[in-house]
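Visitor: I am new to this structure. Could you take me through how to read its features?

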Amino acid sequence: MHEYSLVEALITRVEAEARKRGALKVHGLSVRIGELAGVDAGLFQTAYDTFREGTVCAGAALTLRRVPARWSCPTCRAAIPPGQPLRCPACAEPARLDDGGDALTLDGIELEVP
Ligand SMILES: [Zn+2]
């Protein structure tokens, strides 16, 4: 499943980060999930609970935050309000998806560093 490979990649990244900083433990992770990322938060949490056993994340709480998709005009930067056609009313340019709307982002890691 999609969520499982995402969680696997996430934990690998956190492990690398923890090693780099000489952390003893990871206390918490926060992750942003874009509205259009196609990630189910419930499945993601379940996958995380399955994978974290025996990893540096075993005792780390996961905080998930959903980020709504935001669109804007690539030419004049005007924001396209939700529910509107995805085209700039002024320039007729097709709207562009702004930051993180379709991404899964590791927002923060709480590490215990000696
Ligand atoms: Zn425009």
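**Salt bridges and a zinc site**

Guide: Start with R32, which is partly exposed at 25% relative accessibility (buried means under 20% relative accessible area, exposed over 50%, partly exposed in between, with a 1.4 Å probe and protein chains only). The model is predicted: local features need pLDDT of at least 70 and side-chain atom pairs count only at pLDDT 80 or more, while totals for chains, interfaces and linings use all residues. Residues are numbered from 1 along each chain as its sequence is written, and side-chain values use heavy atoms, with hydrogens and water left out.

Visitor: With which residue does R32 form a salt bridge?

Guide: A salt bridge is a side-chain nitrogen of Lys or Arg within 4 Å of a carboxyl oxygen of Asp or Glu. Here R32 pairs with D107, and their closest N and O atoms are 3.1 Å apart. This pair links distant parts of the chain, 75 residues apart: R32 lies in strand β1 (residues 25-34) and D107 in strand β6 (residues 104-112). Strands (E, at least two residues) and helices (H or I, at least four) are DSSP runs, numbered from the N terminus. D107 is partly exposed, with a relative accessible area of 37%.

Visitor: How many salt bridges does this rule give?

Guide: The count is five. Among them is the bridge between D49 and R52, with closest N and O atoms 3.2 Å apart. D49 is partly exposed at 31% relative accessibility. Salt bridges with shared partners also join E17, K20 and R21 into one network.

Visitor: How are E17 and K20 placed in helix α1?

Guide: They are three residues apart in helix α1 (residues 2-20), so about one helical turn separates them. E17 is buried, with a relative accessible area of 17%, whereas K20 is exposed at 64%.

Visitor: Which residues are the protein donors of the zinc ion?

Guide: Donors are N, O and S atoms within 2.8 Å of the metal (3.2 Å for Na, K and Ca); water is not among the atoms, so sites may look incomplete. For this zinc ion they are the SG atoms of C73, C76, C88 and C91, lying 2.2 to 2.3 Å from it. Along the chain, the donors follow the spacing C-x2-C-x11-C-x2-C.

Visitor: What is the geometry of the zinc site?

Guide: Four donors count as tetrahedral if all angles lie between 85 and 135 degrees. The ideal angle for four tetrahedral donors is 109.5 degrees. The zinc site is tetrahedral, with angles of 106 to 113° among its four donor atoms.

Note on methods
Four donors count as tetrahedral if all angles lie between 85 and 135 degrees; four count as square planar and six as octahedral if opposite donors are over 155 degrees apart and all others between 65 and 115; anything else is irregular.
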